[in-house]
Amino acid sequence: MTEVDALLQNIDYAAAVILFCIGLYVVVAKGNLIKKLLGLNIMETAVFAFIVTSGMVDGGHAPIVTEAATPPFASPLPHALVLTGIVVAVSITALALALIVEVYRRYGTIEADELRETD
Amino acid sequence: MTPWLPLVVMAPLVGGALAPVIAIAGARLLRAWSLAVVAVTGLAALRLTLEVAATGPFSYPLGGFKRPIGIELRFDEFSAAILFMTLIGGLALTYAGRYAIRGLPAGGQPWFQALMLINLGGMAGFAVTGDLFNLFVFMEVVSVSSYALVALGDPRMAPLAAFRYLLAGAASSVLILFSIGILYALTGSLNMADVASRLDVEADGMPAILALAGLLTGFLLKAALFPLHTWLPDAHASAPSPVSAVLSALVVKLGILGLLRSWQIFAGAGWAPLGELLAWGGAVSIVAGAGFALFQQDLKRLLAYSTVSNIGYIVMGLGIASQQAVMGASLHVLNHALIKSTLFLAAGALIHQTGCRTLYELRGAGRAMPATSLALTVGVISVVGLPPTAGFPGKWYIALGALDAGRPVFAVVAAAGGLLAFAYYMRVLNALYFWPPTHERVLGVREAPVSMLVPVLLLALCCLAAGVFARLPMAFLEPAVSRLVGM
């Protein structure tokens with residue numbers, strides 16, 4: 001039963017990996033450009049969730065120095081990283097949506113298989 | 001502490017952000033401003049390169065916080081590639097001044113210059129950062145600006161090509177961020193040198209291998225190694241020509257630089273078995289890229305596939321992992337940057353003047369535009385790898401390294417790749433010089449304007465110089481390569 005125990009202990013990591021794979025599947029398998037972009041966002045969310053949980057400590061408190069603060073503390077660094085990551089993800093999403101609008105204006109469709117025919 | 005190191009990153013980023021404001025004062029001032037920013041960056045990079053040649057790699061702790069708490073910038077021999085980035089970036093910007101009049105939508109010029117400068121700043125940051133998360137951030141600065149730059153190109157194909165590029169690029173970035181997250185969870189540090197010393201691949205087992213696999217796949221996708229290259233031909237062919245030059249010469253090389261950084265982190269245990277994989281992947285890429293290029297009619301698509309083939313050489317050299325092969329690969333990273341920017345800028349000048357893109361339509365252009373065609377010819381001879389041009393030393397040392405490591409099959413692939421390159425580039429020379437013109441526009445065409453011609457000819461000259469004086473970069477890279485191979 002050790003494998004099952006290990007999986008249950010790291011259920012958050014397993015969830016992040018599963019979410020990542022779902023996102024990758026959507027990017028690769030779906031034909032609609034908007035759906036592909038949504039898949040990309042799912043992948044990004046999976047990675048952010050993974051990094052945030054890696055900073056968790058069992059029973060950890062927020063690392064803010066007050067008189068009542070008692071260790072153990074959760075690591076604040078991953079949160080700062082993910083904040084930056086989210087900014088990057090938003091800018092990519094914005095750019096991608098703008099490009100999709102431009103593609104639609106040009107070809108009148110955003111389905112990958114129809115776009116291939118117009119090439 | 002030397003202030004040059006932060007300057008080399010900050011100057012283009014800040015300069016790029018200010019470019020749209022400067023543009024209000026006039027287009028001439030904007031162009032002067034961009035070139036001045038690139039010149040300052042180039043001088044700082046030169047200063048740092050001389051220092052690293054004299055004393056070896058050095059670090060700069062940002063804000064005065066020491067490793068592992070603070071974020072550090074680190075300049076080593078590979079970071080000296082910034083010198084090439086500023087050279088090519090500056091020439092591409094000079095070239096773009098005229099090109100932009102016909103090639104860009106109205107009012108696009110300030111944004112174009114801003115994106116080019118930010119792209120350059122991101123590349124410089126990627127080359128000097130010593131922090132894994134900063135590596136990711138700079139990679140995204142480069143990527144996002146590249147997607148936008150591609151979208152400025154040929155309105156018929158560019159938006160779709162840019163979207164495909166974005167999808168592939170963003171997926172690989174996410175994969176790399178995932179790997180960085182795993183490394184952080186394993187070691188509790190983001191400083192590359194610190195991670196390298198704390199990481200014990202054998203004890204950490206599967207997660208460490210997973211991180212390595214993620215980094216490798218991500219960076220190879222950025223470098224467009226076959227079969228991860230599918231996004232590249234569309235993006236590089238439909239971008240404006242100065243952008244194609246920067247993308248093909250520099251941006252794909254960031255993937256290679258990322259590979260080198262991963263190698264530095266996973267030195268020893270985790271890396272050795274991968275050599276075989278990389279060497280074969282590179283070998284397949286050489287042949288496949290050349291094979292696709294043989295059948296291209298569009299000049300810029302042909303050049304794009306040739307990039308896939310040349311990236312194959314570099315990855316194969318790294319995979320063979322003998323001293324000479326890695327030296328050859330490092331040399332080829334720099335020399336291919338010179339060659340491919342020459343080719344793309346010269347091709348761009350031909351396309352700009354004639355309005356034709358395919359080899360068939362461009363027949364006879366060699367007589368109408370002799371100087372541009374001469375530069376293109378120098379580039380072609382270089383990329384095929386004939387001595388004494390820039391393509392020769394890199395490929396030669398990769399082949400020598402393969403023989404040295406007892407793997408003659410890779411030397412054969414290197415030679416075969418050269419022959420295939422000769423075959424498909426011969427089609428270009430044939431079209432330019434030996435076939436009668438098919439398009440009436442080619443007959444009456446004039447030579448490219450001086451602002452386009454000078455960068456192209458300068459780069460062609462650099463191609464020759466890099467072949468003749470190959471000992472200089474070799475002596476400079478020697479300590480870095482020895483460290484890498486010896487690890």
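I looked up B:P227 and found it in the loop between α9 (206-223) and α10 (232-238) of chain B. Helices here are DSSP runs (H or I, at least four residues; strands are E, at least two), numbered from the N terminus. A cis peptide bond joins B:F226 to B:P227, with omega about 0 degrees. B:A224 sits in the loop between α9 and α10 of chain B as well. Its phi is positive, near 65 degrees, and B:A224 is not a glycine. B:A224 has 27 other C-beta atoms within 10 Å, so I noted it as buried. For burial, C-beta atoms are placed from the backbone: 20 or more others within 10 Å is buried, 12 or fewer is exposed, and in between is partly exposed.

**How I read the model.** This is a predicted model, in which local features need pLDDT of at least 70 and side-chain atom pairs count only at pLDDT 80 or more, while totals for chains, interfaces and linings use all residues. Residues are numbered from 1 along each chain as its sequence is written, and chains are lettered from A and ligands numbered from 1 in the order in which they are written.

I found a cis peptide bond between B:P387 and B:P388, with omega about 5 degrees. B:P388 belongs to the loop between α16 (370-384) and α17 of chain B.

**Helix α13 and what follows.** I checked the length of α13(B) (residues 299-320): its 22 residues should span 32 Å at 1.5 Å a residue, and the end C-alpha atoms are 32 Å apart, which agrees. The expected span is 1.5 Å times one less than the number of residues. Of the 22 residues of α13(B), 22 are buried, so the helix is largely enclosed by the rest of the structure. B:A321 follows α13(B) and lies in the loop between α13 and α14 (323-354) of chain B. B:A321 has a positive phi of about 65 degrees, though it is not a glycine. With 21 other C-beta atoms within 10 Å, B:A321 is buried.

**Helix α2.** I ran the length check on α2(B) (residues 27-55) too: 29 residues should span 42 Å, and the end C-alpha atoms are 42 Å apart, which agrees. Buried residues in α2(B) include B:L30, B:S34, B:V38, B:A45 and B:V52. B:R28 is in α2(B), and it counts as exposed, with 9 C-beta neighbours inside 10 Å. I also looked from B:R28 to B:N191, 163 residues along the chain: their C-alpha atoms are 42 Å apart. Just after α2(B), B:G56 has a positive phi of about 90 degrees.

**Two helix pairs.** At what angle do α5(B) and α11(B) pack? For α5(B) (132-151) and α11(B) (241-265) I found about 160 degrees, with the axes 11 Å apart. Axes are lines fitted to C-alpha atoms, for helices over the stretch in contact, and angles between N-to-C directions run from 0 to 180 degrees. The two helices are therefore roughly antiparallel (angles over 145 degrees; under 35 is roughly parallel, 65 to 115 roughly perpendicular, the rest oblique). Residues that meet include B:L135 and B:M139 in α5(B), and B:V243 and B:L247 in α11(B); contact is C-beta atoms, placed from the backbone, within 7 Å. By class, this contact has 9 nonpolar, 1 polar and 1 charged residues. Ala, Val, Leu, Ile, Met, Phe, Trp, Tyr, Cys and Pro count as nonpolar, Asp, Glu, Lys and Arg as charged, and the others, Gly among them, as polar.

Next I took α17(B) (391-404) and α18(B), whose axes come within 6 Å and cross at roughly 155 degrees. They are therefore roughly antiparallel to each other. Among the contact residues are B:I398 and B:A402 of α17(B), and B:F410 and B:A414 of α18(B).

**Chain B against chain A.** I noted that the contact takes 21 residues from chain B and 25 from chain A. α6(B) gives the most to the chain B side, with 14 residues. That side divides into 19 nonpolar, 1 polar and 1 charged.

Technical notes. Contact = placed C-beta atoms within 7 Å.
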